[in-house]
Amino acid sequence: MGPLGWLLVILGIVVLLIIASCIKIVPQAWAFIIERFGGYQDTWTVGLHFKLPFIDKVARKVDLKEQLEDFPPQPVITKDNVTMRIDTVVFFQITDPKLYTYGVERPIMALENLSATNLRNIIGELELDETLTSREVINAKMRENLDIATDPWGIKVNRVEVKNIIPPAAIQEAMEKQMKAEREKREAIIRAEGEKKSAILVAEGKKASAILEAEAEKESQILRAEAKKETEIREAEGRAQAIRAIQTAKAESFRLLNESAPNDAVLKLRSLEAFEKASDGRSTKIIIPSQIQGIAGLAEGVIETVKNEPKAGNNQ
């Protein structure tokens with residue numbers, strides 16, 4: 001092959017390389033900004049594209065996925081003149097590749113500076129305690145302000161998160177002491193409430209015990225009274241039965257005496273026996289009526305007769 005042949009081969013290879021370099025494939029979630037003669041020409045989205053050699057060029061490849069930027073802690077001053085550092089995280093997404101390319105120089109740095117400026121403005125309106133307890137408010141205000149400011153740059157700010165708030169060492173130490181004091185206070189309150197509840201329970205227990213003891217004593221007294229009453233009733237019934245038995249015996253005695261038709265001597269002797277029982281050691285002096293004094297002689301005769309009758313029998 002002569003020199004002309006080699007030249008044609010080289011030219012063919014160069015043409016193939018140029019054609020190959022002009023074929024572009026845009027992947028998913030990306031966009032290519034195409035410039036022609038230094039000016040914006042088109043925005044390529046996903047798919048196969050062909051550009052004119054030496055005329056068109058890919059000015060920027062733009063990632064359309066949601067991105068995260070963790071900015072370093074920014075020094076801010078609160079309303080009550082406390083200097084602290086706040087670390088923020090910004091989640092954003094590029095919605096217009098053309099505006100993102102031509103809207104601002106170095107858009108990520110511009111977003112960082114804009115975030116720091118808005119953060120200082122928001123924290124400057126809050127005191128220290130409000131700053132520490134108002135993260136949701138800070139996040140909402142930051143997202144709203146950044147979204148409005150970055151809209152001309154083709155950037156959509158989805159959310160902003162305050163990752164860390166770093167107060168000065170002296171403030172942090174004071175806060176730790178305050179938290180310790182609050183914990184000790186809550187502990188003392190809880191202990192006092194526990195002791196109060198315990199005392200109330202003990203008092204209620206004593207009260208219930210006293211009530212139960214009083215009720216038991218009352219029931220015991222009632223039972224003792226009922227038992228005593230039943231005993232008295234039984235004793236009364238026993239005495240009544242004894243009296244009825246005595247009266248019955250007396251009545252039977254009188255009945256038998258009447259049936260035997262006693263003479264005057266026997267009746268007088270029974271009268272003397274009644275006087276004997278009346279004395280019964282309870283009196284040292286007995287006054288006998290004059291009508292009964294004559295009975296004594298008669299009684300002696302009767303007794304003597306009773307004594308002699310067995311002897312007569314024996315002699316027989």
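The model is a predicted one. The chain contains nine helices and nine strands, and buried residues account for 20% of its 316 residues. Across the whole structure, a search finds ten salt bridges.

**Overall features**

- The accessible surface of the protein chain is about 22700 Å², and carbon and sulfur atoms contribute 58% of that area.
- Of the contacts in the chain with a separation of 6 or more, 63% are between residues 24 or more positions apart.

**Phe 92 and its surroundings**

- Phe 92 is part of strand β8 and counts as buried, with a relative accessibility of 0%.
- Phe 92 and Glu 66 are 26 residues apart in sequence, yet their C-alpha atoms are 5.6 Å apart in space.
- Leaving aside residues up to four places away in sequence, Phe 92 touches several residues, including Lys 65, Glu 66, Gln 67 and Glu 69.
- Ile 108, Leu 111, Ile 155 and Val 157 are also among the residues that Phe 92 touches.

**Salt bridges**

- In general, side chains of opposite charge can pair when their charged atoms come close.
- Asp 63 and Lys 65 form a salt bridge through their side chains, with an N to O distance of 2.9 Å. Asp 63 is buried at 19% relative accessible area, whereas Lys 65 is partly exposed at 40%.
- Arg 159 pairs with Glu 66 in a salt bridge whose closest N and O atoms are 3.7 Å apart. Arg 159 belongs to strand β9 (residues 155-166) and Glu 66 to the loop between β5 (56-63) and β6 (67-70), so this pair ties together parts that are 93 residues apart in sequence.
- Arg 143 and Asp 147 form a salt bridge with their closest N and O atoms 4.0 Å apart. The two residues lie in helix α5 (residues 135-150), four residues apart, which is about one turn of the helix.
- Within that pair, Arg 143 is partly exposed at 30% relative accessible area, while Asp 147 is buried at 16%.

**Negative surface patch**

- Asp 80, Glu 127, Asp 129 and Glu 130 gather on the surface as a patch of negative charge.
- Asp 80 is located in the loop between β7 (74-77) and β8 (83-94), and it is partly exposed, with a relative accessible area of 35%.

Notes
Residues are numbered from 1 along each chain as its sequence is written. This is a predicted model: local features need pLDDT of at least 70, side-chain atom pairs count only at pLDDT 80 or more; totals for chains, interfaces and linings use all residues. Side-chain values use heavy atoms; hydrogens and water are left out. Patches are made of residues with over 30% relative accessible area and no salt bridge: like charges are joined within 9 Å, nonpolar side chains (Val, Leu, Ile, Met, Phe, Trp, Tyr) within 5 Å. Accessible areas come from the Shrake-Rupley method with a 1.4 Å probe; for residues, only the protein chains shown count as cover. Lys and Arg count as positive and Asp and Glu as negative; His and the chain ends are not counted. The place of a charge is taken as NZ of Lys, CZ of Arg, CG of Asp or CD of Glu. Buried means under 20% relative accessible area, exposed over 50%, partly exposed in between (1.4 Å probe, protein chains only). Contact means heavy atoms within 4.5 Å.
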